[in-house]
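Okay everyone, thanks for coming.

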Amino acid sequence: MEWWVYMPKVELHAHLNGSVRDSTLLELARVLGDEGVIVFSDVEHVIMKDDRSLHEVFKLFDLIHILTTDHKTVTRITKEVVEDFAYENVVYLELRTTPKKNDSKGMSKRSYMEAVMEGLRAVTAVDVDFAPQSLDARTSLNRIPMNGTCHGATRRKIYVPNHEEIQMMLDFLPNRIGHACCFSEEDWRKLKSSKIPVEICLTSNIRTNTISSLDIHHFVDLYNAKHPVILCTDDSGVFSTSLSKEYSLASSAFGLGKKELFQLARNGIDYIFADDEVKGDLTEIFSSAAKELDL
Ligand SMILES: [Zn+2]
């Protein structure tokens with residue numbers, strides 16, 4: 001096993017719907033094809049593809065939207081997504097999803113969330129405990145808080161915030177910022193003085209043409225400025241990536257070694273939404289992994 005797979009990791013920007021396994025999508029699409037809801041041959045090649053174009057990315061998001069409208073499927077994908085992250089040694093996961101309402105399937109926003117929670121309870125790869133009176137789901141190894149997402153409901157367009165909106169967002173002092181693309185010099189100055197951690201999704205930025213190439217990615221500048229950053233997947237299924245692949249990519253693109261990437265992952269503990277007890281547990285996990293990996 002490669003060390004970036006073996007190393008413990010923290011995932012803070014992953015969307016449930018975008019993280020569905022290709023094999024599951026294929027199976028669900030086949031069923032809907034048989035039922036005449038979709039034309040299977042129209043979508044098969046998009047599901048099977050690895051390096052999807054922006055057009056295909058949107059096509060897949062549309063398909064996922066159609067495929068995940070019933071409770072059973074929502075439960076299934078939640079379970080699988082958590083297990084996939086656990087499998088690659090993600091020891092803490094914050095998964096985002098927007099509660100959806102679908103009258104034709106008798107789905108309310110509440111029942112959607114219940115289906116998600118059912119999926120968390122069904123996870124067998126790791127133990128999941130539920131913190132009382134919150135939507136936080138905890139496990140001894142994997143921590144899985146659910147939180148609302150700040151992304152828009154539709155992903156048809158890549159949303160490009162304007163300067164005024166970015167400034168307002170920075171003034172609001174959020175706990176973290178996703179992507180931080182399309183910033184002006186002034187935005188960067190403000191961000192850096194704020195020390196707001198940035199969730200960096202390399203493959204996602206490239207696939208959606210938000211950043212033209214990794215050589216000019218703002219990760220480098222932020223990392224060199226010792227600004228808090230954390231590598232994340234965004235939509236591991238749609239962008240055919242994994243958190244391990246993102247670490248491997250950062251290693252090859254930015255020349256970061258094992259020690260630097262381990263430290264990068266460990267720093268993520270400071271930016272999580274969970275409480276100090278969880279942070280303490282994670283610190284221990286990383287400390288023992290550091291010994292094992294001889295770091
Ligand atoms: Zn996102």
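So, to start: what percentage of the 295 residues in the protein chain do buried residues make up? It comes to 51%, where buried means under 20% relative accessible area, exposed is over 50%, and partly exposed lies in between, using a 1.4 Å probe and protein chains only.

Quick housekeeping. This is a predicted model, so local features need pLDDT of at least 70 and side-chain atom pairs count only at pLDDT 80 or more, while totals for chains, interfaces and linings use all residues. Residues are numbered from 1 along each chain as its sequence is written, and side-chain values use heavy atoms, with hydrogens and water left out.

On to confidence. pLDDT is the predictor's own confidence in each residue, from 0 to 100. The protein chain averages 88, and 89% of the residues score at least 70. Strand β8, residues 229-231, has the highest confidence at 98, and strand β4, residues 136-138, the lowest, with a mean of 38. Over residues 132-144 the pLDDT is below 50, yet that stretch has 47 contacts in the model beyond near neighbours in sequence; a contact here means heavy atoms within 4.5 Å. Residues 146-156 are also below 50, with 28 such contacts.

Now the fold. We've got 13 helices and eight strands in the protein chain, taken as DSSP runs numbered from the N terminus: H or I of at least four residues for helices, E of at least two for strands. Of the contacts with a separation of 6 or more, 68% are between residues 24 or more positions apart.

Let's zoom in on one helix pair. The axes of α3, residues 40-48, and α4, residues 54-67, come within 10 Å and cross at roughly 115°. Those axes are lines fitted to C-alpha atoms over the stretch in contact, and angles run from 0 to 180 degrees between N-to-C directions. Who makes the contact? On α3 it's D42, V43, H45, V46 and I47, and on α4 it's E56, K59, L60 and L63.
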